[in-house]
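Good morning, colleagues. I would like to take you through one structure today, moving from a single helix to the core and then to the packing of helices and a few backbone details.

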Amino acid sequence: LYMIPKSHPRYESLIQREKIKDAYKEGYLADSGMIAHGRGEAFDYLIGEKTTLSSEKAIKASVATLLLAKNPVISVNGNSTALAAKEIVNLANETNSKIEINLFYRTEERVHIISNIYRNLGYENILGDDSENLKYINNIDSPRATASEEGIYSADLVLVSLEDGDRAEVLVNNGKKVIAIDLNPLSRTAKAVDITIVDNIVRAIPLMIKYAKQLKSKDKSYLKKIVNDFSNAENLKESLDLIEIAKIEE
Ligand code: ATP
Ligand code: MG
């Protein structure tokens, strides 16, 4: 598909770059989405382009939280769709979550292309597209703050990835529990939310699916213990320490 030899030491990373470029060319990723991806690449390099132990702990706590939620919603944008649409659909099915489109630079065309991508994957009830009468969280009447009534507007838990700090803060300030997949442990998003998975979305979501299959059959008290034993502040510190160690060992 792409002219990159499988033997290339950074094959996975180069494939992601191609997918992001294609999404831009196809018209559903904003130019700034490519810049955001580059920022992620840099942090991924610093953690060795692999899932760390601290990320895996955050993933387990996230899945337990998803399974305990009443109305969990996975918020998707151009970047997350370009890199992991199929896996997002699987995760939604495994955890009974809804999927909602929320774009930082919202245009009708982008929304239309993205909802078609999910429909073509067999996922019919995508929320947040223009066929709906969208509401606004906290009455912030901005295309950035759209919220579907049965989705993010009424959700008790929202999973965001590659999300801007302002919007993550709006969700938290409106009483939502928020999980973020964000490679930058220093971003405002990473610091504002309840659980931060410091990992690449292409590795995080498949691992979340694996844990969802395992944890689905457990009782509530078992899941609650996993959630209570997790501290996001501590976990973020572990992620930062790992970057420090990588630097010294070089
Ligand atoms: P903030 O607004 O939270 O302070 P920011 O303005 O630097 O952060 P945004 O562009 O708003 O960043 O959000 C994109 C975030 O997604 C960045 O923190 C970036 O590191 C992260 N990111 C980029 N690519 C990936 C990826 N493939 N997987 C996970 N996270 C990623
Ligand atoms: Mg930002």
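What you see is a predicted model, and I shall begin with helix α6, which spans residues 165–173. Which residues of α6 are buried? They are Arg167, Ala168, Val170 and Leu171. Viewed down the axis of α6, these buried residues fall within an arc of 155°, so they line one face of the helix. The elements covering them include strand β5 at 157–161, strand β6 at 177–181 and helix α7 at 188–192. Just after α6 comes glycine 175, with a positive phi of about 80°.

Let me turn to the nonpolar core. The largest such core has 64 residues, and Val158, Ala180 and Ile197 are the ones that touch the most other members. Helix α3, residues 53–68, gives the most to this core, contributing seven residues. As for valine 158, what does it contact beyond its neighbours within four places in sequence? Its partners are Val73, Ser75, Ile152, Leu171, Lys176 and Val178. Leu171 in that list is one of the buried residues of α6.

A further residue to look at is isoleucine 181, in strand β6. Isoleucine 181 has 30 other C-beta atoms within 10 Å, and is therefore buried. Leaving out residues up to four places away in sequence, isoleucine 181 touches Ser161, Ile197, Asp199, Ile201 and Ala204. Ile197, as I said, is among the residues touching the most other members of the core. The C-alpha atoms of isoleucine 181 and isoleucine 195 are separated by 8.6 Å, the two residues being 14 apart along the chain.

I now come to the packing of helices. Two packed helices are described by the angle between their axes and the distance between the axes. Helix α3 packs against helix α9, residues 220–228, at an angle of about 135°, and their axes are 8 Å apart. The two helices are therefore oblique to each other. In passing α9, α3 makes a left-handed crossing. On the α3 side the contact is made by Lys60, Ala61, Ala64, Thr65, Leu67 and Leu68, and on the α9 side by Lys220, Leu223, Lys224, Ile226 and Val227.

The second pair consists of helix α1, residues 11–26, and helix α4, residues 78–95, whose axes cross at roughly 130° and come within 9 Å. That angle makes α1 oblique to α4. Which hand does the crossing of α1 and α4 have, left or right? The crossing is right-handed. Gln16, Lys19, Ile20 and Ala23 of α1 meet Gly78, Ala82 and Leu83 of α4 in this contact.

Finally, the backbone. Most residues other than glycine have a negative phi. Leucine 162 is not a glycine either, and has a positive phi of about 50°. Its place is the loop between β5 and α6.

Are these two residues buried or partly exposed? Glutamate 49 has 14 other C-beta atoms within 10 Å and is therefore partly exposed. Leucine 162 has 25 C-beta neighbours inside 10 Å, so it counts as buried; the cut-off for burial is 20 or more.

Conventions: Residues numbered from 1 in each chain as written. Chains lettered and ligands numbered in written order. Predicted model: local features only at pLDDT ≥ 70, side-chain atom pairs only at ≥ 80, totals over all residues. Buried ≥ 20, exposed ≤ 12 C-beta atoms within 10 Å, placed from the backbone. Helix = DSSP H or I, 4+ residues; strand = E, 2+ residues; numbered from the N terminus. Arc of directions from axis to C-beta. Contact = placed C-beta atoms within 7 Å. Core = buried A, V, L, I, M, F, W, Y, C linked by C-beta atoms within 7 Å. Axes fitted to C-alpha atoms, helices over the stretch in contact; angles between N-to-C directions. Parallel < 35°, antiparallel > 145°, perpendicular 65-115°, else oblique. Left-handed = near helix turned anticlockwise from the far one by under 90°.
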